[in-house]
Amino acid sequence: MKHFRISIRLAFAVLLLAVVPALLAWAGSPYVARLAQLVLITVVLSGALNMLTGTAGLLALDTVVFYGLGAYTAAILSVNHGTSFLVDLAAAVGITTTIGIIFGFALVRLTSIFFAVATMALAISFHTTVLNWGDLTRGPMGYRGIPPVQLFGHTLGHWLESYYLTAIFCLIALFIFHRVMHSFYGNAVRAVREDEECARSLGLQTRWLRVQVYALHAAIMGAAGALYAHTNQFIGPDNFVLLESALVLTGIIVGGIGSLPGAVIGGLVMVLLPEALREIGNLRAFAFGLMLFLSILFLSRGLFSEVRALALFRRDMPRSPWSRRGPLP
Amino acid sequence: MKTPSASSSGIATPLLQVHGLAKHFQGLRAVDDVSFDVQRGELVGLIGPNGAGKSTLFNCVAGALARTAGEVLFEGQCIAGLDPVRIARLGIARTYQNLRIFPDITVFDNVCAGAIGRIGISLLGALLPALGRKRDEAIAEATLSALTRFGLLEFADQPAGNLAYGQKKLLEIARALTLQPKLLLLDEPAAGLNNTETTELATLLRSLRDAGLTILLVEHDMPMVMRICDRIVVLDSGRKIAEGAPAAIRADAAVRAAYLGDEA
């Protein structure tokens with residue numbers, strides 16, 4: 001079934017690199033292209049959060065911390081020091097990984113609601129810090145005039161070029177999530193989620209595994225933040241409020257907790273649904289809330305559950321019975 | 001050091017040595033000065049009335065509880081106070097009294113956890129398929145052979161929570177065995193099983209022992225313990241009151257008194 005397995009990835013790559021750009025070119029509107037990029041960045045955030053909250057079972061509200069750290073790192077470096085995109089990206093990943101490891105060691109001693117509350121505190125203190133550390137962050141003003149992405153001397157000025165960069169970034173991130181979630185590594189992380197004490201008695205270094213997943217999620221969110229800063233060219237504290245973390249979390253709950261397709265669906269829904277509901281004006285927030293409420297009520301495991309996602313991707317495991325047997329019902 | 005001198009001479013060291021082990025919960029002496037050995041290839045039963053301290057002793061050996069005093073030596077090396085992860089990697093696998101499987105993930109994913117713990121995985125190996133392939137194949141092979149051996153292969157892609165109770169018990173043993181332990185600690189494996197299942201379990205444990213695995217078995221089911229164990233250690237109120245072959249234990253006055261009351 002090898003050809004089938006490749007075709008899922010291939011189909012997704014073709015969708016992002018050919019079909020969507022063709023539609024964007026047909027629409028010819030920078031606004032729609034910007035929306036598409038926002039979807040892709042949200043998909044990356046959802047995927048990273050789903051790896052942590054779904055696969056590792058650590059309910060986290062600190063999305064905006066690492067996303068924001070990455071964005072502010074890129075903004076401060078490029079505006080104040082004139083560095084290029086790749087340098088900003090490397091710096092953002094470096095800083096978020098380091099902070100992810102440090103926070104990770106402190107945080108993974110906590111589980112369940114205690115972990116959630118600690119990460120919520122991080123998100124709130126990050127926002128407060130950004131607002132008040134004016135010398136560094138320019139406080140409520142935020143950073144304007146962040147230069148567009150430059151790669152090898154070429155400025156990606158056109159919205160289509162910018163879209164392609166985001167799409168490629170999204171595909172790389174999805175590949176990383178895929179490898180982590182649909183491998184024996186993912187199995188080990190899920191075992192730790194299910195019963196930590198039992199996993200330890202099987203020789204799994206549960207805390208270290210959690211720190212790794214936490215740091216990886218931080219690094220990818222940091223990279224997404226740097227990309228957001230350079231493609232949006234403006235960032236401010238309002239982009240990184242706790243509510244944004246909650247929105248990404250809601251997305252993965254609707255899409256399917258622990259499931260990679262669920263994260264993609266979640267990212268799509270959380271960006272596009274509010275846009276689609278723009279027409280109905282003031283009823284928008286109500287309709288949005290109602291949809292989320294109903295989806296959680298009737299689809300408690302999300303639109304694409306973890307069990308289904310794992311069955312779909314299990315064929316990637318080497319020499320498992322499924323690699324010979326083909327797709328499951 | 002209370003380490004017996006046998007360890008340095010040519011005489012084979014027992015696989016597991018428990019010396020003067022004690023575990024006190026505030027005033028309660030759950031385990032009090034218990035000593036016994038388990039030789040390589042032996043199937044040793046640990047029995048005693050309710051509250052005798054069997055499970056406490058068991059958890060001290062497995063590293064889940066810190067002991068108050070005494071020594072636990074595995075292959076002559078002190079393991080008391082070690083982290084359960086280290087103990088598992090040294091070659092001691094355990095099961096739990098109250099079934100602890102991972103209910104929401106599949107049977108395959110449950111069983112592979114022990115193989116992962118033994119063989120190890122790395123984030124880099126997960127991200128770069130070429131780097132992790134050898135380990136992945138070893139994990140898959142160990143998991144498949146355990147599933148086949150325990151007749152669980154046909155349920156491999158079902159959530160473990162869907163299995164029947166007896167199969168969940170087998171799953172837990174299969175998972176422990178993918179660690180390829182030198183010593184298997186079983187905490188009441190027959191609890192909740194019907195007669196047929198208990199007989200099957202006894203046959204299975206005996207065949208594991210015949211294949212060379214050393215087993216320490218905590219069990220309530222007296223007929224099964226008497227039938228399959230090479231040697232039996234009896235605890236009562238935290239103290240060891242008898243040790244010996246099943247026939248000797250059956251005839252032991254102290255054991256009878258502990259089980260039937262002092263007047264018996």
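Student: What percentage of the 264 residues in chain B do buried residues make up?

Tutor: This is a predicted model, and the count is taken from its atoms. A residue is buried if 20 or more other C-beta atoms lie within 10 Å of its own. Among the 264 residues of chain B, the buried share is 45%.

Student: What percentage of the residues of chain A count as buried?

Tutor: The cut-off of 20 or more other C-beta atoms within 10 Å applies here too. Chain A has 329 residues. Those that count as buried come to 49%.

Student: How many helices and strands does chain B have, and what is its radius of gyration?

Tutor: The secondary structure of chain B comes to 10 helices and 10 strands. For 264 residues the globule rule gives 18 Å, and the chain is close to that, so chain B is as compact as a globular protein of that length. Its C-alpha atoms fill a box of roughly 65 × 45 × 40 Å along the principal axes. The radius of gyration of chain B is 19 Å.

Student: What is the radius of gyration of chain A?

Tutor: Chain A has 15 helices and two strands. Its C-alpha trace spans about 55 × 45 × 45 Å along the principal axes. The globule rule gives 20 Å for 329 residues and the value for chain A is close to that, so chain A is as compact as a globular protein of that length. The radius of gyration of chain A is 20 Å.

Student: Which residues does A:I220 touch, not counting residues up to four places away in sequence?

Tutor: Two residues are in contact if their C-beta atoms lie within 7 Å. Leaving out residues up to four places away in sequence, A:I220 touches A:V44, A:A48, A:A173 and A:I176.

Student: Which element supplies the largest share of the side of chain B that touches chain A?

Tutor: In this interface, 35 residues of chain B are in contact with 31 residues of chain A. Helices α2 (84-90), α3 (107-119), α4 (123-127) and α5 (129-149) of chain B each supply at least two residues of the chain B side. That side divides into 21 nonpolar, two polar and 12 charged residues. The largest share, eight residues, comes from α3(B).

Student: How far apart are the end C-alpha atoms of helix α6 (residues 165-177) of chain B?

Tutor: The buried residues of α6(B) include B:Q167, B:L170 and B:A174. The buried residues of this helix pack against β6 (92-94), α3, α5 and β7 (183-187) of chain B. Helix α6 of chain B has 13 residues, which at 1.5 Å a residue should span 18 Å, and the model agrees: its end C-alpha atoms are apart by 19 Å.

Student: How many residues of helix α8 (residues 184-194) of chain A are buried?

Tutor: Helix α8 of chain A is mostly covered. Its buried residues include A:F184, A:N187, A:R190 and A:E194.

Student: Is B:M226 buried or partly exposed?

Tutor: B:M226 lies in helix α8 (residues 222-228) of chain B. Leaving aside its neighbours within four places in sequence, B:M226 is in contact with B:P246 and B:R250. There are 16 other C-beta atoms within 10 Å of B:M226, so the residue is partly exposed.

Conventions:
Residues are numbered from 1 along each chain as its sequence is written. Chains are lettered from A and ligands numbered from 1 in the order in which they are written. This is a predicted model: local features need pLDDT of at least 70, side-chain atom pairs count only at pLDDT 80 or more; totals for chains, interfaces and linings use all residues. Helices (H or I, at least four residues) and strands (E, at least two) are DSSP runs, numbered from the N terminus. The radius of gyration is taken over C-alpha atoms; the globule rule is 2.2 Å times the number of residues to the power 0.38. A residue is buried if 20 or more other C-beta atoms lie within 10 Å of its own, exposed if 12 or fewer, and partly exposed in between; C-beta atoms are placed from the backbone. Ala, Val, Leu, Ile, Met, Phe, Trp, Tyr, Cys and Pro count as nonpolar, Asp, Glu, Lys and Arg as charged, and the others, Gly among them, as polar. The expected span of a helix is 1.5 Å times one less than its number of residues.
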